[in-house]
Amino acid sequence: MPTAAGLFAAEDGRPRCFWCAASPAYRHYHDTEWGFPVADDRRLFEKLCLEGFQSGLSWLTILNKREAFRKAFAGFDAARVARFGERDVIRLLGDAGIVRHRGKIESTINNARRALELVEAEGSLAAFVWRFEPAAADRPPAMTRDALMELAQTDASRALAKELKRRGWSFVGPTTVYAFMQAMGLVNDHLEGCDARARVERARSELARPSE
């Protein structure tokens, strides 16, 4: 049922962002995960990898396959994935539960190795990525649907993507990285009037930004 611009109400009557209307699973993801701040290295690494797999596809496709991805990639334990070799690539290319794209599979293995290097250099993946959280002055004054549509990539996502690429990561373009920033709570892109927006903002205000 439509409500204000960019929002819809499901059976429970709660206003939500338009993009999660497709299924109950998508609404649950919107209500409980998307935008809530994350400072756990494994979850951050998983999301960067899955956003890479999502390139050219819908996030709902990846969400529906997420448990299969977790099983295939050792729970996105970067240390374990970094040890994957050609036999693992062949195994994964035969796994119908995931997206069977050699380039993206090899990218995930490469990125696991780069993640270990980054943690060694910076202390944690969380401390590194949260340095790229944009200042409030760089954000839209109101998160309307029109404002959201202008945010496919930002200065912050371009800076983070550039630095990841400099460190040897792949499938981390600025649009992919901005989707990661949205999902992991480095920004709050729930629309004004969305039931989750205030909860996300409260969680962001309570988060102790990781420094190491």
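Q: How much space lies in the largest pocket?
A: The model is predicted. Among the residues closest to the centre of the largest pocket are Trp 19, Trp 34 and Trp 59. Ala 179 and Gln 182 also belong to that closest group. The space in the largest pocket is about 500 Å³.

Q: Which helix gives the largest share of the lining of the largest pocket?
A: The lining has 19 residues. Helices H1 (24-32), H2 (41-54), H9 (145-149) and H11 (174-183) each give two or more of them. The largest share is 6 residues, and it comes from H11.

Q: How many charged residues are in the lining of the second largest pocket?
A: This pocket has a volume of about 200 Å³. Its lining is made of 15 residues, with Arg 139, Asn 188, Arg 197, Glu 201 and Arg 204 nearest the centre. By class, 9 are nonpolar and 1 is polar. The charged residues number 5.

Q: Is Thr 108 buried or exposed?
A: Thr 108 sits in helix H7, residues 102-122. Leaving out residues up to four places away in sequence, Thr 108 touches Phe 45, Cys 49, Phe 53, Phe 73, Phe 76 and Val 81. Buried means under 20% relative accessible area. Thr 108 has 2%, so Thr 108 is buried.

Methods
Residues numbered from 1 in each chain as written. Predicted model: local features only at pLDDT ≥ 70, side-chain atom pairs only at ≥ 80, totals over all residues. Heavy atoms only, no water. 1 Å grid on protein atoms, 1.4 Å probe; cavity = no way out; pocket = protein on both sides within 12 Å on 5 of 7 lines; lining within 4 Å. Points joined across faces, edges and corners; volume = space filled by probe spheres on them. Helix = DSSP H or I, 4+ residues; strand = E, 2+ residues; numbered from the N terminus. Nonpolar A, V, L, I, M, F, W, Y, C, P; charged D, E, K, R; others polar. Buried < 20%, exposed > 50% of the residue type's maximum accessible area, 1.4 Å probe, protein only. Contact = heavy atoms within 4.5 Å.
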